[in-house]
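Please read them with the structure open.

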Amino acid sequence: MGEKVVAGGFDLSDRQRYRRKLHECLEGLERLLAEKRFDRPKNMMGLEIELNLAGADGMPRMVNAQVLERIASPDFQTELGMFNLEVNVLPHRLGGRVFDQLAEELSAGLAYAHRQAAEIDAGVVMIGILPTISREDLVTANLSAVDRYSLLNEQILMMRGEDFTLDIDGVERLVWTSGSIVPEAACTSVQLHLQVTPARFCDVWNAAQAVTAVQIAVGANSPFLFGRELWRESRPPLFTQATDTRPPELQAQGVRPRTWFGERWVDSAYELFAENVRYFPALLPICDEEEPLRVLAEGGVPSLQELVLHNGTVYRWNRPVYGVADGVPHLRVENRVLPAGPTVADVVANAAFYYGLVRTLADEPRPVWTRLPFAEAEANFDAACRYGIDARLRWPRRGRAGGLASVPAVRLVLDELLPMAAAGLDAWGIEPADRDHYLGIIEERCRRRVNGATWQVDTYHRALAAGLERDEALAAVTRRYSELMHKGDPVHTWPVGLTEEEASPTAAVGR
């Protein structure tokens, strides 16, 4: 949600006007679709990564404003917490050596940001949830000093009417009550954008929904929160509960949560935008001066600001996006599933796997979503979040027999999905060297059954066995992770465990 929002109170007339404008925006979108006004295919992709700031001791640092002042680049922006940053990569055309180019740009940008952060005793850590984050860190005072965050917090609290309860039962159980949405800031993710035509949108969105579980299984990187070992990818349950506007009574009635997997395969982009308006009350009823239907009547292209703003407060794991570039409207699928990290190489490998796999699945004459019930796709997502690379997933059988089979995620990837991803990258025109290098990283993760989550957990338990207390072990894991992250070798090559010096309870002294 990167739109500029100015804080202020809302009254009944604001909400009534906003609702009217939302429906006008929906009508405007429908007309644009009917008139085929949208941009032609350009094979454009984009990338955003949320980051953490931590000191040399591995503890979070609440200094994003100071770091951004030193970075002085529009590519870097604030995020919800004062220990967060976000880096945005300019759109690229899928083809050629684009993934090597992305890796080079990201590596240079993150290294520069890390150097600037070091000037004030902080550093950039690319990880799903910082293992050292504590309850004391996730308080309202540590919201970034940006109007939209305080306003969003205020409106979600008002709608919910009571504190948020976090209850995540994994390897261990965490139960905690928060008086704000700040726990959401613990979740740092990668967002992958793909521009599509309206005719192509539903196939790409459905394909993206079908593979969310596989993305999480191979890319999980968030096993800890508040000193507890939870799910292998704990961001989804944390994010869902930290943004839940529903009190228990509405949850019991089956009212949909704002962080939402969805409930069915779709036939058009319009359906998703319409669902967002139909099911979810406005959090930020801020009206733009534009009258979208008048702009359309005069032959222009409306920005549909109210719809765009509202859409940004419904947190689908695959979100429909409307935008205008150079006076021409376009649609994107925004994939929001993956955690940040562990390294640039891993992030780019995850992107290559996603773009290749979605291309092939969207092109299939007998699409996977016609053979995979939506409820099974959602159950797969839950299983992958809980068990990561050790998950078993339900997937359509190949051949005439049909039906679903329960298969280990790594076998599904190695035997079936990696070849599909390779074919998809070929269809995008990706150079074989790029294709083989980045899909090779995914292959090795599966062969070794190693991803960011398994490395964190294994290293943590070795630290405990070496005599460290729980908090000391998590800090040592974070320091070692940060060191290896900045070296840049993919996570499946990282040595598990700590050096003798790092395993010492006094290792952080003098850092």
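Predicted model: local features only at pLDDT ≥ 70, side-chain atom pairs only at ≥ 80, totals over all residues.

1. Residues are numbered from 1 along each chain as its sequence is written, and side-chain values use heavy atoms, with hydrogens and water left out.

2. Ser144 sits in the loop between strand E4 (123–125) and helix H4 (147–160); helices (H or I, at least four residues) and strands (E, at least two) are DSSP runs numbered from the N terminus. Ser144 is buried, at 4% relative accessible area (buried is under 20%, exposed over 50%, partly exposed in between; 1.4 Å probe, protein chains only).

3. The Ser144 side chain makes a polar contact with that of Asn64 at 2.9 Å. Such a contact is a pair of N or O atoms within 3.5 Å; within protein, one must be able to donate a hydrogen and the other to accept it, and residues adjacent in sequence count only if both atoms are side-chain atoms.

4. Helix H1 (residues 12–34) has 23 residues and reaches 33 Å from first C-alpha to last, close to the 33 Å expected (1.5 Å times one less than its number of residues). Its buried residues include Tyr18, Lys21 and Leu32.

5. Most residues other than glycine have a negative phi, and most peptide bonds are trans. Leu304, between H10 and H11, has a positive phi of about 55° and is buried at 0%. Gly341 and Pro342 are joined by a cis peptide bond, with omega about 0°.
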